[in-house]
Amino acid sequence: MSLGYPILSTLIWLPIIAGLIVLFAGRNNPGFAKWFSLGAAVLTFILSLPLYVAFDTTTSAMQFVERVSWIPQYNIEYFLGVDGLSMPLVLLTTFTQVLVIASAWTVIKDRVEQYMGAFMIMQGLMIGVFTALDSILFYVFWEALLIPMFIVIGKWGGPKRVYATLKFFLYTFLGSVFMLVAFLYLFFQSGSFSILDFHAMPIGMTAQILIFLAFLIAFAVKIPMFPVHTWLPDAHVEAPTAGSVVLAAIMLKMGGYGFVRFSLPITPDASMTLDWLIIGLSLIAIVYIAFVALIQTDMKKLVAYSSIAHMGFVTLGIFLVYSIVSKTGDVQGAALGMEGAMVQMISHGFISGAMFLAIGVLYDRMHTREIGAYGGVVNTMPWFGFFAVLFAMANAGLPGTSGFVGEFMVILSAFKANVWFGVLAATTLIVGAAYTLWMIKRVIFGSVANEEVAKLQDLNRREFAIMATLAFVIILLGVWPNPLLEVMHSSVDNLLIQATTSKL
Amino acid sequence: MLHFILTVILLSPLFGSIAAGLFGRKIGRRGAHSATIFSVVVSTVLSAYVFFEYVFNGAEVYNAALYTWMVSDGIRFEIGFLVDSLTATMMLVVTFVSLMVHIYTIGYMDHDEDYDHSNAYYQRFFSYLSLFTFSMLSLVMANNFLQLFFGWEAVGLVSYLLIGFYMKRESAITANLKAFLVNRVGDFGFILGIAMVFVYFNTLDYQEFFDRLAEHEHTMMSFIPGLEWSVITVMVILLFIGAMGKSAQMPLHVWLPESMEGPTPISALIHAATMVTAGIFMVARLSPAYEMSEAALAFILVVGALTAFMMGLLGIIQNDIKRVVAYSTLSQLGYMTAALGASAYAASMFHVLTHAFFKALLFLAAGSVIIAMHHIQDIRQMGGLKRHMPVTYWAVLLGSLALIGFPGFSGFFSKDSILLAVNQTDSWGSSFAYTLLLMGVFVTAFYSFRMFFLVFHGEESDYVKSHKIHESPKVVTVPLILLAIPSVVLGWFMIEPVLSGRYFADAITVLPSHDVLANIYATQFDNVLGFIMHGFMTLPVWLALAGVALAWLFYMKRPDIPAWIQSKCTRANYVLENAYGFDRFNDIVFVKGSLRLGRFFWRSIDMRVIDTGMVNGTVRRVSDMATMFRESQTGYMYHYAFVMIFGLLGLLIWALW
């Protein structure tokens, strides 16, 4: 499928150019910086809608492809395209961006143009990550993203931001260096940097294992998986609200996307051999991290840990296919887990974004994230209480919200792969509800805890609009997930074939 | 046409709820209760039509999809309707009781101590009531496990919101969190049960599931090496664990007594009449699967009988009027569950129906007493209320007679069917269960009439003497009267069709070898009057009367006797006061244990091993380097520079390769 114009390039470069304009023209003019960024974000979102409308659901081939030579000496191309796995993530990015810009409207007073510019540039780069089909292009977007995020946390972050940024940067940077090495090896074997060529080339077992591990380090850090997850709570706690939203809603998804775009299709045999490792780490994330979340006293840390646990469902769902095939002899049941993982990514984008925005609303008013500083917020902020409980229920996977769909699918599929996978994954029903609703009880419910809470103002129009938009999407996707799943089927089926076809 | 009617029945309360919930301030109190009551009236009237069509005219079972929720892995997950006599009956009960509660609420929630008049609590309450009605309807009308689970969790959500309705009270918001989490423990089993349905039957649709049941009659599974279990048994027990949460069977019953923190109308609607019977309904709905596992049925029978007896005992020592009724609900749920275990699904559903009416009646009457007593709930401070509130008095009397199974009242027919069925079944543990249930009959009569005498008869307490106590307004008493009618007469019409198996013939499957009700019908039933007369010749009725008599003796005639017993049996009293210690056990093992585990994971593994050991070693070294760089820079933007250096390094590596 393609349109008459290069839609993917538009989606990448429009925000980046807008970001640069804001950066240079917005100095000393915060009003312009805000409105221009918002306008660009809305325009990008509208321009991204044709991706869904014109998407051909019958094929797993790349669509809206753009391909020109970039550095011919090394056969590096400017090669873009989306399929059913990446298209929803692009839409998630453009959608979230509008809310991210709106959320920072009044909070950021210092160097607004740099803040807005950084986020606009980040958006372009994130879309670049999800659409790049040349591995070097992918790598450039992937690494370039670190810089604006690093600046956002380092400049507008909390008191321990230096520690947090360093941790964030080192983790992700060290992780991705291994990925680059893997790309270079693959290039020397195939003479191309095209990811699609990587998918097709045969690779020996030893090489596959090494490549798989290199990818694993890069993606595991991004997701993040146990035990390389400790950068995330720190980064979230220090990041400004919008930074947390982008981090949780989109950047974490790049890791999950990496597994389906690189690990499974490029190294299927190694994935099969090492699937126990990923499944084990995913289950640890689901069970262990949930208990860690239970005792957090900082709201952002709690939600950060809950993100790790929820992302455990993503990695679990992706790697269930091998156990299912070896147990039952065919892939029936695996697509449910894989699609569940994809749905979980999109849903987690909305829900974690909503949770961090909600915490931001409180933080803007009280300047603390400590659970103990709150109590009885609903008395003074009834609408906020309504949305907070709704998002918390979504986070606890209540049916009728998007949070349920992915978890449900992955639990069903996990049970098929191995009874114990299902049992351990299903513990989220209890512990996930426990940490989320216990926080709600202490923050939202109860009698007014102190004078600051008594003085709280309910949501203003802007905040209400942001919350209502997210609430609408979360419920819509929970009540009717089919439109999202429809676009994935062909690509997921193709991915399962790739993942189960030996390359030796 | 039927499809359209069903859709309207389902969605009408949802729209009512949205109107009252999101636009409550705009439409005001009148607008909110008018909108929600109208929406529920629509559902009730149409449900009555559907009920008539199915129960009297024997309409064809209707099974159709409303829309496709999703397609994945080639399986369609649909939202739809399965309507037969079982569904139609539940629909009418849910909408009718809900309507009564809606009307009653106008009077009950008019004034509230927790909220001042500017708060839109009144509209919110109506919104929740209608939302509950929608959720419960989607549960009972479901034609598949997915929608069942949706309704299951949605009623749990509304229950959570309503238990915590007085959100300033610490006790209320603790109770609702507890209710939600204990239910989630049940749901943990439930969702694994659903996963098993998916894994072995490749569908979540009821009908397809029933059609394929025979294929797996002998399939075995092994999840602990060396031990083999029947797939069907494991599956239905997992599903039943969900029912144990929702229908508050031991040991997952601990949330129900505390759910009384919610306002009384919802105790009647949710925690007595409808939601807590969802588990019973689910087992009856899935009777074809349960019939295939004798082990699961025996397990259900014993759990139910234990709950019936042990929870009844706790009713004796409660002094909060609502808690007495709550423990009685727990105990009656045990009866229903035990009937399921005896394969007497129809009797169990029969008891669900009669119980829905007489227990809603008792709760709403208790609420009426609470209004009159200005929100005092302690029965020791009441007494002699008969004179002041005659309608409520008669409501409680009729409700209690139905509850204890006095011959001729609705509860007599349903409870006697259960007792006869459990007596007849030859399942494992049946004689043990029967003994417990018989003793339960005595206990039920004792605690019911203990409350009845203490509240309405005897000396007026100081409070009653010193305050003006008067009967509640019409919006309160009319629902009481309307609920009293079915509580008294329903049994006369239903006993014959239920015992003969005709009533639920299109919905419930019972293996001929398990069909105790048919056996009773054949051997012990001539006509309704005969059945009543027969009741007088059997033990349960006399046990019930003995319970009433003893309550009268203890609390009217010789109040010194119970006090003396209490002082003599301190240990037994201690056990009962602490409700067998379930709460303490859960608190120590699960609550404190989880927190301790979380703290250990976080402090020892996350912080010490990973962060201090692996990460900060590295970060500290880099940090030192950063300090070095910072000193060599003139500005304070050291981290920008740091990024550039790393970027350069990356480029360099790339170029050199």
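Some ground rules. The model is predicted: local features need pLDDT of at least 70, side-chain atom pairs count only at pLDDT 80 or more, and totals for chains, interfaces and linings use all residues. Residues are numbered from 1 along each chain as its sequence is written, with chains lettered from A and ligands numbered from 1 in the order in which they are written.

Chain B, then. We have 27 helices and four strands; these are DSSP runs, H or I of at least four residues for helices, E of at least two for strands, numbered from the N terminus. The C-alpha trace spans about 100 × 65 × 55 Å along its principal axes. Of the 657 residues of chain B, 57% are buried, meaning 20 or more other C-beta atoms within 10 Å of a residue's own, with C-beta atoms placed from the backbone.

Next, the contact between chains. Chain B gives 50 residues and chain A gives 53. Here contact means C-beta atoms, placed from the backbone, within 7 Å. On the side of chain B, the elements giving two or more residues are strand 1 (62-72), helix 5 (145-163), helix 6 (170-201), helix 26 (582-632) and helix 27 (638-656).

Last, the hairpin in chain A. Strand 1 (residues 63-71) and strand 2 (residues 76-82) of chain A run antiparallel, joined by six bridges. Pairing takes at least two bridges by DSSP. Arg67(A) has Phe79(A) as its bridge partner in strand 2. Four residues lie between the strands, and Asn75(A) takes a positive phi near 60°.

Notes. Contact = placed C-beta atoms within 7 Å. Buried ≥ 20, exposed ≤ 12 C-beta atoms within 10 Å, placed from the backbone.
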